Amino acid sequence: MTALVKEVAVDAKPLVQARNVHKAFDQLEVLKGIDLDVAPGEVVVVLGPSGSGKSTFLRCINHLESIQQGFIEVDGEQIGYRVKNDRLEKLTDNGIAKQRRKIGMVFQQFNLYPHMTVLQNIIEAPVGVHGESRKDAIENARQLLKRVGLSEKEGNYPRQLSGGQQQRVAIARALAIKPKLMLFDEPTSALDPELVGEVLATMKDLAKQGLTMIVVTHEIGFAKEAADRVVFMDGGVIVEQGKPEDVIGNPQHPRTQAFLSRFL
Ligand SMILES: Nc1ncnc2c1ncn2[C@@H]1O[C@H](COP(=O)(O)OP(=O)(O)OP(=O)(O)O)[C@@H](O)[C@H]1O
Ligand SMILES: [Mg+2]
């Protein structure tokens, strides 16, 4: 068997381009000018203390929050806007929904539909929202379940699964819309310690297979092993970024050093 060599297309046009992103909630400035490019196939891990704006930044990428300055482009389209007659126009709800089809998101709380089986949870968006045929959606869902190691659970309800299994179903569900980009916001924080490993293993597999991922996590081990780049955020700005061995192994900024010293 040949090893799968992951390619990060660093020379290609970035899949994500965030420029000078500002976000405030009333008087509270949460993002103060974030610049970040993510190449196709790249895995970026975002670290930072509580309240530094990590979740807010992910939510802006997915347009769950709107930004007040700067722009975010995903796959060549500006999030939340379209160009019409050389002018920027706010997208309609329908337009926003279309952009979100390119972006899968996995949260700390898995929020599976409790009254649906695992398979029904996964095909719900492709069939119900995106008009895919049931047959194709089921076929794809079964492949995804295989990928996350849960083929035998397709007929089970969420309450019959462990937290780690539920989170892996949530990952499969997010993948079912065939996103170009996956956002993970502390996907293992709500799990019992013994269940964290299986979810991280699934995410490492996805990373190896070349999925473009932005992952907010406190799992330093995952960052070291799976990240192409680590970004350290504090106070609404990116303080330091680079290869994991540099940022984690030899942090330059005092704030990064202070943050990482907790994990030693
Ligand atoms: N909808 C909102 N309304 C008002 N303030 C908000 C809102 N969402 C987030 N904030 C504030 O923005 C700041 C950044 O929050 P955010 O959730 O992005 O931090 P975080 O880095 O993800 O933290 P954690 O590690 O605790 O998840 C916090 O001060 C938070 O209270
Ligand atoms: Mg958060």
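**Ligand shell, cavity and pocket in a predicted model**

Over residues 16-260, the chain is 36% helix and 28% strand, with the end C-alpha atoms 27 Å apart. Helices (H or I, at least four residues) and strands (E, at least two) are DSSP runs, numbered from the N terminus. In an unreviewed entry, UniProt places the feature "domain: ABC transporter" at residues 16-260; such annotations may be inferred rather than shown by experiment. The model is predicted: local features need pLDDT of at least 70, side-chain atom pairs count only at pLDDT 80 or more, and totals for chains, interfaces and linings use all residues. Residues are numbered from 1 along each chain as its sequence is written, chains are lettered from A and ligands numbered from 1 in the order in which they are written, and side-chain values use heavy atoms, with hydrogens and water left out.

Ligand 1 is surrounded by F25, L28, V30, P49, S50, G51, S52, G53, K54, S55, T56 and E186. Each such residue has a heavy atom within 4 Å of the ligand. An oxygen atom of ligand 1 is 2.5 Å from a side-chain N or O atom of T56. For S55, the distance from a ligand oxygen to a side-chain N or O atom is 2.8 Å. At G53, a polar backbone atom is 3.0 Å from an oxygen of ligand 1. Taken alone, ligand 1 exposes 630 Å² (Shrake-Rupley method, 1.4 Å probe). The protein buries 58% of that area. Two or more shell residues come from each of β2 (28-38) and α1 (54-61). α1 gives the most, with three residues. By class, the shell holds four nonpolar, six polar and two charged residues; Gly counts as polar.

A cavity is a set of points on a 1 Å grid where a 1.4 Å probe fits but cannot get out. One cavity of 30 Å³ or more is counted. The largest cavity has a volume of about 70 Å³. Its lining (residues with an atom within 4 Å of a point) is C60, H63, E65, S66, I67, F71, I72, Q78, I79 and Y81. Six of these are nonpolar, three polar and one charged.

A pocket is an open set of points with protein on both sides within 12 Å along at least five of seven lines. The largest pocket holds about 620 Å³ of space. It is lined by 24 residues, and I103, M105, A125, R173 and I177 are the closest to its centre. α2 (93-100), β8 (103-106), α3 (118-129) and α5 (163-175) each give two or more residues to this lining. The lining has 13 nonpolar, seven polar and four charged residues.

Notes
Polar contact = N/O pair within 3.5 Å; in protein donor to acceptor, adjacent residues only side chain to side chain. Points joined across faces, edges and corners; volume = space filled by probe spheres on them.
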